[in-house]
Amino acid sequence: MKTEVIKIHPDFPEKEKIIKCAKIIRQGGLVVFPTETVYGIAADANNPKAMERLRQVKQRSADKPFSILIAHKDQITDKTPLRETGAFKLIDRYWPGPLTVILPSVNDGKTIGLRMPDHTVALALIQECGCPIAAPSANIENNPAPCTCGEALRDLDGLVEAALDTGACRIGTASTIVDFTQEKPKVVREGMISQGEVDDVVNKKTVLMVCTGNSCRSVMAEYLLRDKLKARKDIEVISAGTNVFLTAGASSGAIRFLRKKGINAAEHLSQPVTRILLYKSDLILTMTNQHREMVVKFLPEVAKRVFLLREFIDGKSNNEDIPDPIGQNDAEYEKSAALIEEALEKIVKIL
């Protein structure tokens with residue numbers, strides 16, 4: 001068998017080439033493909049014959065598992081029962097990217113290595129396959145990991161059906177592997193991410209502000225709290241919306257109000273509430289009771305971390321909503337922001 005080398009555009013991969021290679025994988029074949037780190041070999045992880053062949057081609061012992069590639073962050077929750085905030089903080093920071101995490105598997109007593117590569121061709125191939133992709137580096141065990149298709153084929157020419165060639169990998173170093181099955185997350189293979197960087201991300205507290213469109217109330221709450229905590233490097237403040245479908249900037253009213261405070265929110269971009277954001281957050285603050293109910297219904301597991309922002313205001317009406325100033329004049333933004341700031345003063349003291 002001779003390996004077919006398929007040149008493909010690294011940023012705008014030709015669909016028919018991706019479809020062809022995905023079909024090879026679904027039929028039990030092996031395909032060399034690029035990632036941002038090194039070239040890998042893709043096989044259908046659900047196909048025992050393909051996995052045995054992959055092991056033989058790699059010359060890898062039976063006791064050493066293969067990592068699985070995924071195309072979306074949210075897919076991690078289908079693969080592991082782990083819900084600790086640290087793992088979600090790390091993948092939100094580094095995925096897609098050069099990070100592999102070892103987690104407890106949904107299969108009792110086993111572990112699984114997962115990565116979401118930062119490469120258009122790799123992500124397109126994973127999605128098109130429609131099956132879990134096992135993907136070790138494209139070399140015989142203990143040989144250097146290949147940074148080009150040519151280097152991969154020095155070991156594997158004739159042993160795999162096809163190879164997608166996009167030229168040299170951007171990083172050229174294997175991904176960092178972090179083991180979350182130990183007492184503390186441990187780097188077991190260092191790549192571009194150090195143990196110190198892992199510790200910094202995992203140990204940060206994350207505060208998530210939630211409103212509807214992530215354009216005014218949650219934006220003001222996020223940027224005001226960031227400003228109050230600017231001396232604290234151990235806290236991350238973010239915001240999201242329950243009804244965000246298209247990315248947009250902050251409302252002009254929110255930008256104007258924050259500018260008066262010496263805070264620039266002109267670069268803010270809205271984002272939707274996702275499972276990853278909720279799982280990574282230590283404290284989730286909603287602008288209204290409805291937002292709180294929507295978050296808890298969407299992901300009941302985080303219910304104990306979800307609070308109405310106005311609960312932190314002493315005195316009467318502390319179970320009411322922060323009024324929505326969208327589309328109104330600056331005076332209404334001032335009123336909503338005054339309530340937000342009053343709540344934040346107490347939150348700062350307990351963080």
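1. The model has 1 cavity of 30 Å³ or more. A cavity here is a set of points, on a 1 Å grid over the protein atoms alone, where a 1.4 Å probe fits but cannot get out. The largest cavity holds about 40 Å³, with volume taken as the space filled by probe spheres set on the points, and with grid points joined across faces, edges and corners.

2. A quick word on what you're looking at: this is a predicted model, where local features need pLDDT of at least 70, side-chain atom pairs count only at pLDDT 80 or more, and totals for chains, interfaces and linings use all residues. Residues are numbered from 1 along each chain as its sequence is written, and side-chain values use heavy atoms, with hydrogens and water left out.

3. Which residues line the largest cavity? They are Gly253, Arg256, Phe257, Lys260, Asp330, Tyr333 and Glu334; lining residues have an atom within 4 Å of a point. Both α9 (252-260) and α12 (330-350) give at least two residues to this lining, and α9 has the largest share, 4 residues. Helices (H or I, at least four residues) and strands (E, at least two) are DSSP runs, numbered from the N terminus. By type, the lining of the largest cavity has 2 nonpolar, 1 polar and 4 charged residues. Ala, Val, Leu, Ile, Met, Phe, Trp, Tyr, Cys and Pro count as nonpolar, Asp, Glu, Lys and Arg as charged, and the others, Gly among them, as polar.

4. Now the largest pocket, with about 1100 Å³ of space. A pocket is an open set with protein on both sides within 12 Å along at least five of seven lines. Its lining takes in 45 residues, and Arg60, Pro65, Phe66, Ser67 and Ile68 are the closest to its centre. β6 brings the largest share of this lining, 4 residues.

5. In one of them, phenylalanine 307 and phenylalanine 312 have ring centres 6.0 Å apart and planes at 70°, so they are edge-to-face (rings of Phe, Tyr and Trp, its six-membered ring, pair with centres within 6.5 Å; planes under 30 degrees apart are stacked, over 60 edge-to-face, the rest tilted). Phenylalanine 312 is buried because its relative accessibility is 12%, while phenylalanine 307, at 29%, is partly exposed (buried is under 20% relative accessible area, exposed over 50%, partly exposed in between; 1.4 Å probe, protein chains only).
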